[in-house]
Protein chains: 4
Amino acid sequence: MPTILGQNQYGKAENRVVKITRDGATHHIKDLNVSVSLSGDMDEVHYSGSNANVLPTDTTKNTVYAFAKEHGIESAEQFGIHLARHFVTSQEPIRTARIRIEEYSWERIETSGEAGHSFVRKGQETRLAQITFDGERWEVVSGLKDLVVMNSTDSEFWGYVKDKYTTLQEAHDRILATQVSGRWRFNWTDDEQEMPHWDESYEQTKKHMLQAFAETYSLSLQQTLYQMGARIIDNRSEIDEVRFSLPNKHHFLVDLEPFGLKNDNEVYFAADRPYGLIEGTILRDGCEARIPVDLTNL
Amino acid sequence: MPTILGQNQYGKAENRVVKITRDGATHHIKDLNVSVSLSGDMDEVHYSGSNANVLPTDTTKNTVYAFAKEHGIESAEQFGIHLARHFVTSQEPIRTARIRIEEYSWERIETSGEAGHSFVRKGQETRLAQITFDGERWEVVSGLKDLVVMNSTDSEFWGYVKDKYTTLQEAHDRILATQVSGRWRFNWTDDEQEMPHWDESYEQTKKHMLQAFAETYSLSLQQTLYQMGARIIDNRSEIDEVRFSLPNKHHFLVDLEPFGLKNDNEVYFAADRPYGLIEGTILRDGCEARIPVDLTNL
Amino acid sequence: MPTILGQNQYGKAENRVVKITRDGATHHIKDLNVSVSLSGDMDEVHYSGSNANVLPTDTTKNTVYAFAKEHGIESAEQFGIHLARHFVTSQEPIRTARIRIEEYSWERIETSGEAGHSFVRKGQETRLAQITFDGERWEVVSGLKDLVVMNSTDSEFWGYVKDKYTTLQEAHDRILATQVSGRWRFNWTDDEQEMPHWDESYEQTKKHMLQAFAETYSLSLQQTLYQMGARIIDNRSEIDEVRFSLPNKHHFLVDLEPFGLKNDNEVYFAADRPYGLIEGTILRDGCEARIPVDLTNL
Amino acid sequence: MPTILGQNQYGKAENRVVKITRDGATHHIKDLNVSVSLSGDMDEVHYSGSNANVLPTDTTKNTVYAFAKEHGIESAEQFGIHLARHFVTSQEPIRTARIRIEEYSWERIETSGEAGHSFVRKGQETRLAQITFDGERWEVVSGLKDLVVMNSTDSEFWGYVKDKYTTLQEAHDRILATQVSGRWRFNWTDDEQEMPHWDESYEQTKKHMLQAFAETYSLSLQQTLYQMGARIIDNRSEIDEVRFSLPNKHHFLVDLEPFGLKNDNEVYFAADRPYGLIEGTILRDGCEARIPVDLTNL
């Protein structure tokens, strides 16, 4: 046969698990979307259809729900570590497990009484975690998507290359807006190392990223991207690599002159497509890049 | 000709306008999606294609942007009132104008310095406003969509009809979750009346609605729906009618017994489809219902 | 109590049912998304939470699946008629049932052998049916959505009103493109009448609509809309009313002059938002309009 | 500085270009969504914000539209080759260009007359092409997404691993359905080689893939995946590597026994989430895998 099998992986994707923890009348909520991806000695199921080495995707789903009870959900990363370790250590043919998790956050509804059991979904970014384990080495990449940010000034764009297809006018005061998709890789790789405090790390990383976006006087979105990553590397010693995919969500100044009006950076048209797409990796010096290049598929 | 023309309307939909107001170094942002719908003496354009009575949809778009400069955007409702009045009073063939607006809210990014020009999109509900004017009477319907809420206890469902297709077990402690789509109609209809304070009305209405959701011990989602509407009518004298479309976002208790585990209302599967869909109108006694029955299309 | 309950309805939405019928080795497939909406004597469940009159939405879901077996799925409309009749006639408190159905069509995959059991989803429009029954009178509204069509010529737009906000240039040869959302109401209302042949009616109605779109030399999208509706009324005696919601999917001629190129109606930018939105009803003379004005929510 | 810049790329994404070619009264249409991604000597724009090496994303957009006129759009792949060559050869700092294209296909509307200018969007799969050029070597990866297929029989699943979390029952006759996302890499890498006929290659590859899906008696989705890839490699000498991401779109047999009905593989519930996700690469023997592992982000 002139064809051979290359990399392959399988599992149950998008298991929606909600865990309620009751601390007396005060409830706590964890709301995750968990995807399991397993690989290993799986040639035969591809060649002949023999499932002798295949743990069903349905079983991986059951395991997600059972582990929410058995281990609780301390954080998305910790939950993924429990799952990945289980699949790799309990099934001989499975050599590598990768767990991807989306997390949705909730706020409490303020009420006149106690009401520790009422929540409204925060609705801002989706938190992301990816945990990979090959039996020896851990790789944890956390991140977020769909965090929309804007600076209404302190952004310029000029001094660029002009070729025969260039018509863009230089801008010395523009809106800079983007929908952040980011991933950051931890240098925790071994059970012997002290594990990061995942939730605190996430909150601090998001804070530094937002502040860098806000505080950078920007001559290009690339410059802002780099500052956002560098600020994280500088402040969070547990993180060695950051990658961003930043669509430049164009806000075009509307030409109001035909109506006898002057638009003094006040009225903008928020465009959908096309958009600039700026992507880049920032590394701690001496570290290797491991986060894949394309965070989205366009 | 055996066919005739019935109701018709036209305009430019989804004009994305962002307005920046500069108060020194502190900027303010309004972010709207404005849809214009005009009707009136439009038979001829349908029958013969004569555009003699047709103000182009492109012009209605231009008007949205020009008015953002000329009138500012005090609130979505006030902005819609300016637009609707303009179309009906400036063009003889146009008898009715309806403006629909979606509004997205933004929060300030906290920084070490001043930075009054950096924002992150809040991402929670989308605020809605619909303003209709026929030259004499105003109808303002405000609302919201995509506000996801959950009570992790204080919800039951039992005592229902059982027919030959009923298999559901009664529940005495369940999660109640929904994605609120709501509309409320103001009793302001005339320029002679004092106009409501639109932004304060919105904030208070949302607060009462959330509190009613949180504080109602629920025997059915219908009961909760009614309480949410009644709380608004009771507290907001400017509102005469409320309608909700509430999908019952099912959270099913996962059966962990096959794994030797007891699920004491802790681990849930959050289902997508199908979902219960509960819809209803709550009216101030003596008032007429005017909000259409179907807020969504399923 | 100063508040009262207005119109209300409830049921299970988006029940995804796939029915396979085996005709020897040749299989047939029906793929539906069924939403049930019931109303009637439901005051008490809103006021006190008593479910004594409430058939659970879970039961309405079960009924959909059971009826797929008991009655088969001859057509979306016929299936909806079975369901609506059942709910109204079997439960005293239920006075009206409305069934909404989306249908997805599939084509056979051509193979070298027989293979009457392999399908690829067609992916074009979604077929729609809405069946309402109050115990006496039927109302059937069929339709479709997401059918994208384009004429690359034979469309003009000029002679329109020009006010101070008008900047649009007149066009004497433009692309006309839209994503058709249409509904049509049948004059079958009574079990005593002969029932239409639903599938044939759908195929013929779609054909006439497409041909009217293609064959109309268009001076405005309103004119095309009217012709599409009139063609249906003229050719299909079972239909008395048609309503369309037609977004004008703008294709803007790109200005290539800065690059020394002439754009002779060749290269277009397909815009997303904003878009013109043209909506209208076409009636058989003497008939009443009953299809709601807004087919979409923008 | 403790941080350094890693891989980075930028350009304008999602340029929607529609090209009409007029062959007398018969028009032809190409409808593309083109994304440009450039990389090279771009350190300075990240570190200092200097745009001296940056061709604006706006210019890359203009180039897409200008090239649609200058070169026409023979196929998505050929169009991408023109663009990639241009960016790399015309701008010294740009070392690599990657063009990603989505293509939407259209069918003619049948009319009584000629009407060679009326189209309806086919709506089935989205065709994909990715062209990468580094000044010397070409890499072309074509593919498709959102092609939904189903076998209503000839699929089994049994003989799998059973652990303490396994509850799944073995199945000897089930529905197998998936939404195909596939990519295939051409062995054309050099201008000296004869270029494949891109459109014919696409049509034949899709045909072989669909036939392999239909004709494989399946003991696992992995087996079907491998057959789909092997069939392409066996029949298309221009292709060396294929990768698929195949969600197992579960169709669960509904338990109708509570209603006294027997479900003889007739009535199914089509589930949304979770779903099995089966991914794998098939290679011509001796060839290297170059298509990234994750075609989607879950």
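## Ground rules

Because the model is predicted, local features need pLDDT of at least 70 and side-chain atom pairs count only at pLDDT 80 or more, while totals for chains, interfaces and linings use all residues. Residues are numbered from 1 along each chain as its sequence is written, and chains are lettered from A, with ligands numbered from 1, in the order in which they are written.

## Chains A and D

Let's start with one pair of copies.

Chain A puts 81 residues into the contact and chain D puts in 80; two residues are in contact if their C-beta atoms, placed from the backbone, lie within 7 Å. On the chain A side, the elements giving two or more residues include β1 (3-13), α2 (57-70) and β13 (275-284). These elements are DSSP runs numbered from the N terminus: helices are H or I with at least four residues, strands are E with at least two. The top contributor on that side is β1(A), with eleven residues. By class, the chain A side splits into 35 nonpolar, 33 polar and 13 charged residues. Here Ala, Val, Leu, Ile, Met, Phe, Trp, Tyr, Cys and Pro count as nonpolar, Asp, Glu, Lys and Arg as charged, and the others, Gly among them, as polar.

Strands also pair across this contact: β13(A) runs antiparallel to β1 (residues 3-13) of chain D over nine bridges. Pairing takes at least two DSSP bridges between the strands. Glu279(A) sits opposite Gln9(D) in β1(D).

## Chains B and C

Now for the other pair. A 180° rotation with 0.0 Å of shift along its axis puts chain B on chain C, RMSD 0.0 Å. The same surface serves both copies, with 100% of the contact residues of chain B recurring in chain C. Chain B gives 79 residues and chain C gives 81. On the chain B side, β1(B) gives the most, with eleven residues, and the classes come out as 33 nonpolar, 33 polar and 13 charged.

β1(B) pairs with β13 (residues 275-284) of chain C, antiparallel, over nine bridges. Within β13(C), Ile278(C) is the bridge partner of Tyr10(B).

## Inside the model

The largest nonpolar core holds 332 residues, and Val149(A), Val149(B), Val149(C) and Val149(D) touch the most other members. Such a core is a set of buried Ala, Val, Leu, Ile, Met, Phe, Trp, Tyr and Cys residues joined through C-beta atoms within 7 Å. Leaving out residues up to four places away in sequence, Val149(D) touches Ile109(C), Phe119(C) and Val120(C), plus residues of chain D including Leu210(D) and Phe213(D).

Trp184(A) lies in β9 (residues 176-186) of chain A. Trp184(A) counts as buried because 27 other C-beta atoms lie within 10 Å; the cut-offs are 20 or more for buried, 12 or fewer for exposed, and partly exposed in between, with C-beta atoms placed from the backbone. Gly143(A) is 41 residues away from Trp184(A) along the chain, yet their C-alpha atoms are separated by 5.8 Å.

Definitions and conventions:
Least-squares fit on C-alpha atoms with pLDDT ≥ 70 in both.
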